[in-house]
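Dear colleague,

Please find the structure below, together with a short account of what was found in it.

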Amino acid sequence: MKFWSQLGARELDIEVKVEARHLEVDTGERRLEADFVPLPDGEVYSLLVDGKVHEVAVEDDGAFIWVTIHGQRHKVAVRHPLEKTLREVRRADAKASGEVVESPIPGLVVAIKVELGDVVPAGAAVAIVEAMKMQNELIAQQPGIVEAIHVTERQTVEAGQKLVTLRPAS
Amino acid sequence: MKRVLVANRGEIAVRVIRTLRDLGLTSIAVYSDPDRAALHVLLADEAYRLGPGLARESYLNIPRLIDVAKQAQVDAIHPGYGFLSENAEFAQAVVDAGITFIGPPPAVIAALGNKLAAREIAQQAGAPLVPGSKGALADMAEARRVATDLGYPLMLKAAAGGGGKGMRVLRSAAELDSALELVRGEAKAAFGDDSVYLERFVERPRHVEAQILADAHGNVVFLGERDCSVQRRHQKVVEETPSTLFTPEIRARFAAAACNIAKTAGYVNAGTVEFIADPKGDFYFLEVNTRLQVEHPVTELVTGLDLVAEQVKIADGQRLNLPAAAMTPRGAAVQCRIYAEDPLRNFMPSAGVIERLRLPQGPGIRTDAGVYHGFRVPMEYDPLIAKVIAWGEDRAQAIARMRRALEETVVEGVASNVGFHRWLMALPEFDRGDVHTGLLGELFSAASLAASPETEELALLAASLHAHETARSVRPVSPGGNGPADAARWKFADRLQEGR
């Protein structure tokens with residue numbers, strides 16, 4: 001099965017094969033292999049990678065897959081390859097017509113970081129949404145001017161709900 | 001003494017209840033609403049409700065606690081640490097109700113609870129003090145004069161302060177004016193008392209404390225030191241005994257100073273005399289904690305004592321009668337405090353259900369936990385969920401066991417600082433025993449816990465497996481019903497069963 005993956009700052013096209021208890025992930029550069037067995041209490045696996053013993057817990061919040069290894073949570077995206085294309089289209093779209101920053105997850109708006117009329121550079125946080133005890137900064141992908149703020153602080157939002165609309169910074 | 005109420009929650013309530021049961025006493029827990037199913041309630045003989053979750057309506061509610069204690073006809077109350085453990089008013093209310101308070105006399109708690117009064121007691125006892133102002137600073141003019149006499153760097157402290165609140169380091173005269181106003185304001189808000197004083201700031205200081213036991217017949221013993229220098233914003237993170245700074249000669253002077261302070265104060269029960277020490281081994285009195293400490297287990301592991309049992313005996317009026325072996329500590333012990341907090345988000349506390357929990361066991365490991373698998377960690381209280389304590393014949397063995405124990409530990413459902421402790425135990429500075437209270441501030445950042453390429457690959461493997469199995473199980477059903485999706489789902493369910 002082919003996927004498009006984001007790991008840290010890297011984007012990878014990967015191919016995943018699962019055969020009985022054997023997992024194979026081909027990243028193009030590397031071929032990773034593991035023997036796996038599910039453990040109780042949620043989605044938890046024991047993995048053997050080159051004979052080394054690891055334990056991983058997986059949670060899926062709809063937007064990202066969170067993998068806990070040795071008590072540390074790691075955010076990974078593994079999506080249908082079509083999503084890569086979709087995102088590129090959205091990016092191009094945003095450049096021309098402004099951008100709507102949406103909450104990718106259901107959660108609580110803990111802060112709105114912008115005000116109407118603010119000039120926002122690309123990469124700036126416009127809002128913070130707390131979900132699953134994590135505060136997530138939501139970032140403007142493109143520079144823009146704040147045209148509308150659709151939510152208030154302490155408001156609960158659904159996944160996909162509009163938070164802030166930016167119009168192109170001429 | 002037959003019936004003992006534990007006026008606390010979490011791991012310390014569990015720890016005290018265990019000893020009460022060991023002693024054949026009836027252990028009586030109290031709880032707030034979110035703690036009805038907490039471990040300390042499940043392990044006690046009896047349990048009574050205090051009130052809602054808010055601490056001031058439950059574990060800090062003195063009239064309510066006294067009412068419950070009277071109704072339950074308890075003979076004694078153990079306050080644990082935190083909450084009301086160092087509250088003289090509470091201790092007095094307990095005594096007034098005709099109940100034994102397992103701790104020092106209320107007047108001693110009151111005297112030592114005020115930093116200036118405590119300083120005076122230490123001075124009378126001939127203990128070394130950090131050079132500082134004679135008493136509370138009257139005004140800005142006096143502050144300036146004292147500061148010039150002492151020389152910078154200086155520490156500005158609130159007289160009623162504690163727990164790292166109400167103190168500030170001053171590097172130069174330029175910082176004095178604004179700091180004075182700030183610390184006064186903080187002290188007023190936090191403690192209702194805005195008196196402040198100045199002390200010389202000791203560079204690269206260690207925090208070393210003396211565990212003492214004193215009975216009501218004037219006997220005081222020193223049970224070794226604990227080095228609690230590894231701190232994060234004045235909060236202890238790791239504690240160990242013995243201190244890597246101490247020689248037998250320093251320890252002898254240290255023991256004498258601590259015992260003299262306890263005697264001068266008229267101290268009774270278990271207490272901790274805290275000092276700061278400079279890298280040469282000169283130490284200065286800091287304060288006395290009039291209660292059992294969070295880090296008491298490291299002392300228990302090297303002395304073989306049960307300090308809570310000793311507290312109970314002392315409160316019962318018995319004379320200290322410790323085995324000779326307790327007076328010559330054996331080996332070394334180190335403790336890591338496991339908090340439900342996220343080191344990557346500025347140690348933000350994390351409440352929620354403990355979805356997985358594997359606490360370490362095996363040679364030389366003790367675990368004191370206040371939670372269990374499936375328990376909801378309430379958002380109302382301190383996020384300390386467990387303490388892992390390792391003992392070894394020497395420091396190297398204790399640390400090796402601690403590293404192994406941390407590798408075994410799994411806490412999921414809430415964030416935890418287990419990964420942070422793993423980083424800390426691997427730190428060369430800690431390994432060498434080259435510690436001071438500013439160490440973490442200098443060395444730790446979120447990048448310290450950054451994922452290695454190997455960990456990133458592991459995360460990718462796990463996420464890919466999840467995505468693959470999810471995609472398989474939601475594949476559209478083909479016409480006719482029994483499609484591949486169902487087959488795949490069954491297959492996966494099958495595999496989960498096998499894993500159990």
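Which residues have the most contacts inside the largest nonpolar core? In this predicted model, where local features need pLDDT of at least 70, side-chain atom pairs count only at pLDDT 80 or more and totals for chains, interfaces and linings use all residues, side-chain values use heavy atoms, with hydrogens and water left out. Residues are numbered from 1 along each chain as its sequence is written, and chains are lettered from A and ligands numbered from 1 in the order in which they are written.

The core. A nonpolar core is a set of buried Ala, Val, Leu, Ile, Met, Phe, Trp, Tyr and Cys residues joined through side-chain atoms within 4.5 Å. Buried means under 20% relative accessible area, exposed over 50%, and partly exposed in between (1.4 Å probe, protein chains only). The largest such core has 39 residues, and Val238(B), Ile338(B), Phe420(B), Leu424(B), Met425(B) and Phe430(B) have the most contacts inside it. Among the elements of chain B that give two or more residues to this core are β11 (235–241), β14 (332–339) and α13 (418–425); helices (H or I, at least four residues) and strands (E, at least two) are DSSP runs, numbered from the N terminus. Another core, of 32 residues, lies apart from it and includes Ala118(B) and Val220(B).

Helix α13(B) is mostly covered, with 8 of its 8 residues buried; among them are His421(B), Arg422(B) and Trp423(B). Beyond its neighbours within four places in sequence, Leu424(B) is in contact (heavy atoms within 4.5 Å) with Val230(B), Val237(B), Val238(B), Phe430(B) and Leu440(B).

A buried lysine. Lys157(B) belongs to strand β6 (residues 154–162) of chain B. Lys157(B) counts as buried because its relative accessibility is 6%. Its side chain makes a polar contact of 3.3 Å with that of Glu199(B); a polar contact is a pair of N or O atoms within 3.5 Å, and within protein one must be able to donate a hydrogen and the other to accept it, while residues adjacent in sequence count only if both atoms are side-chain atoms.

The interface. In all, 49 residues of chain A are in contact with 44 residues of chain B. Across this interface the rule finds 5 salt bridges, a salt bridge being a side-chain nitrogen of Lys or Arg within 4 Å of a carboxyl oxygen of Asp or Glu. The side chains of Arg10(A) and Glu456(B) form a salt bridge (3.4 Å, N to O).

Yours sincerely
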